[in-house]
Amino acid sequence: MLRRLLPLLALLLAPASVAAQERVLNVYNWSDYIDPAVVERFTRETGIRVRYDVYDSLETLEGRLSAGRSGYDLIVPTSEPTFARLLRAGALLPLDRARIPNWGNLDPTLMARVAVIDPGNRHGAIYLWGTVGLGIRPDLVRAALPGVALDSLDILMKPENARRLARCGIMVMDSPTDVLPSVLRWLGRDPNGHSDADHRAAEAALRAIRPHVRAIVPSSAILDALATGEACVALTYSGDVIQAATRAREANRGVEVGYVMPREGAQLWFDLMAIPADAPNPEAAHAFINFLLQPDVMAAITNQVRYPNAVPTSRPMVAAAVRDDRNVFPDDAALARTFVAGTPPREAERARTRLWSRFKAGR
Ligand code: N2P
C-alpha cells in the first residue's frame with residue numbers, strides 16, 4: 001500500500017515551480033471565441049495551466065507570429081491568408097496524429113476544403129468557421145431606409161444608404177484582410193482580385209462611404225458596440241454579431257440586433273488550430289487540440305460563441321436555438337453563394353495595407 005502511495009507523495013512534494021513550468025499551455029486565440037468553462041475543465045482534467053491571450057484581427061496575429069519566438073503553443077489563424085503564409089514560412093509544426101486520437105471526429109468534407117492549402121491536413125485542424133457580414137439594428141435600418149432589402153451589403157456600401165444611417169452609427173472592423181474581399185464581391189469583381197484596377201475600385205467604394213462611417217475599430221470593439229446599440233450597422237464576423245444580439249437581448253434595453261449574410265455572396269472562412277514551430281510546449285498543445293475535438297466540448301463552445309465547429313457528432317448537443325439558426329449554420333443554398341479568400345502576393349498585400357490606411361485616415 002505504502003509503496004503504491006510513494007510515487008503520489010513524491011509528486012505532491014515536488015517543488016511547485018518545476019511542476020508549474022512544465023505544465024503551462026500558452027494559447028493565442030481570437031477574442032470571444034471559447035467557453036471559459038472548457039478551459040477550466042482542461043486544467044482540471046490534465047493539471048496543465050492555461051495562459052490565454054487574445055487577438056481580434058488577422059493582422060495582429062500575423063504581426064505577432066511572423067517575427068518568430070512568440071512563446072505561444074497554440075494559435076488559431078484563418079486558413080487563408082494567415083495559416084497558409086505561416087505554413088509556407090515553415091512556422092508551423094506538423095501535428096502528431098498519434099497524440100490526437102479525437103482527430104477522427106473532424107468532418108472530412110470540411111477538412112478537405114482546407115487541405116487545398118495544407119496537403120494531407122498535416123498542420124491544422126478546423127476549430128470553428130463562419131462568414132463575414134453585417135450586424136444591424138433592423139428597426140433603425142428600416143426606419144432610415146424604408147423598403148430596403150435586409151439581406152444585402154447595399155445597406156452599407158451604397159453611399160446614399162450610408163448617409164442616412166450615419167447618425168445611428170456605422171462601423172467597419174479594422175481588417176483589410178477580412179473586409180476587402182467582401183467589398184470586391186459587392187462590386188461584382190473577383191473577391192480575390194489584386195490588380196491595380198481592383199484596388200482602385202475597392203478604394204473608391206470605401207472612400208464614398210467614409211464620411212458616414214463612425215469608427216473603424218478591431219472586431220472586439222464592434223461586438224461591444226453592437227451589443228450596446230452604439231452601432232446600427234457594422235461589418236464584422238457572423239458569430240460576433242449573434243453574440244452581440246444575445247447580449248443585447250439579455251441587457252433588455254430595447255436593442256435588437258440581427259445578422260445579414262450578404263446575398264451578393266458572403267466570405268466564408270475556416271479557423272485552424274495550429275502549433276508554432278518554436279512552441280515551448282507542443283505536447284500540451286496536442287493535448288489541448290485533442291481535448292477540444294471532443295463532441296461535448298465542441299458543443300459547449302458553439303453554444304457559447306455561436307460559430308459552427310467541424311465535429312458533426314457535437315450537433316445533437318448544440319442547443320436547438322443555435323442549431324436551427326441559419327446565421328450560425330447556413331443552409332446549402334446560402335453556402336453555395338459563399339467564397340473563400342485567398343492569399344494575396346506580398347506586393348498586393350502592401351497595396352491593400354496602404355489603401356486601408358488612407359481609408360482609415362479619410363484621405
Ligand atoms: C471571434 C472572431 C471570429 C474569427 N471574435 C474570425 N475568423
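How many nonpolar, polar and charged residues does the lining of the largest pocket have? Hold that thought while we start at the ligand.

This is a predicted model, where local features need pLDDT of at least 70 and side-chain atom pairs count only at pLDDT 80 or more, while totals for chains, interfaces and linings use all residues. Residues are numbered from 1 along each chain as its sequence is written, and side-chain values use heavy atoms, with hydrogens and water left out.

**Stop one: the ligand.** Select W30, S31, D32, Y33, T78, Y237, D240, W269, D271 and Y307, the residues around the ligand (a heavy atom within 4 Å of it). Now show the polar contacts (pairs of N or O atoms within 3.5 Å). A backbone N or O atom of S31 lies 2.6 Å from a ligand nitrogen. From the side chain of D240, an N or O atom is 2.9 Å from a nitrogen of the ligand, and a polar side-chain atom of D271 lies 2.8 Å from a ligand nitrogen. Of the 260 Å² of accessible area that the ligand has on its own, the protein covers 100% (Shrake-Rupley, 1.4 Å probe).

**Stop two: the largest pocket.** Its volume is about 230 Å³, the space filled by probe spheres set on the grid points. Pick D32, I34, P36, Q243 and Q304, the closest to its centre of the 14 lining residues. Then colour α3 (36-46), α13 (238-251) and α15 (295-305), the elements that give two or more residues to the lining; α13 gives the most, with four.

Back to the opening: the lining has six nonpolar, three polar and five charged residues.

Definitions and conventions
Polar contact = N/O pair within 3.5 Å; in protein donor to acceptor, adjacent residues only side chain to side chain. 1 Å grid on protein atoms, 1.4 Å probe; cavity = no way out; pocket = protein on both sides within 12 Å on 5 of 7 lines; lining within 4 Å. Nonpolar A, V, L, I, M, F, W, Y, C, P; charged D, E, K, R; others polar.
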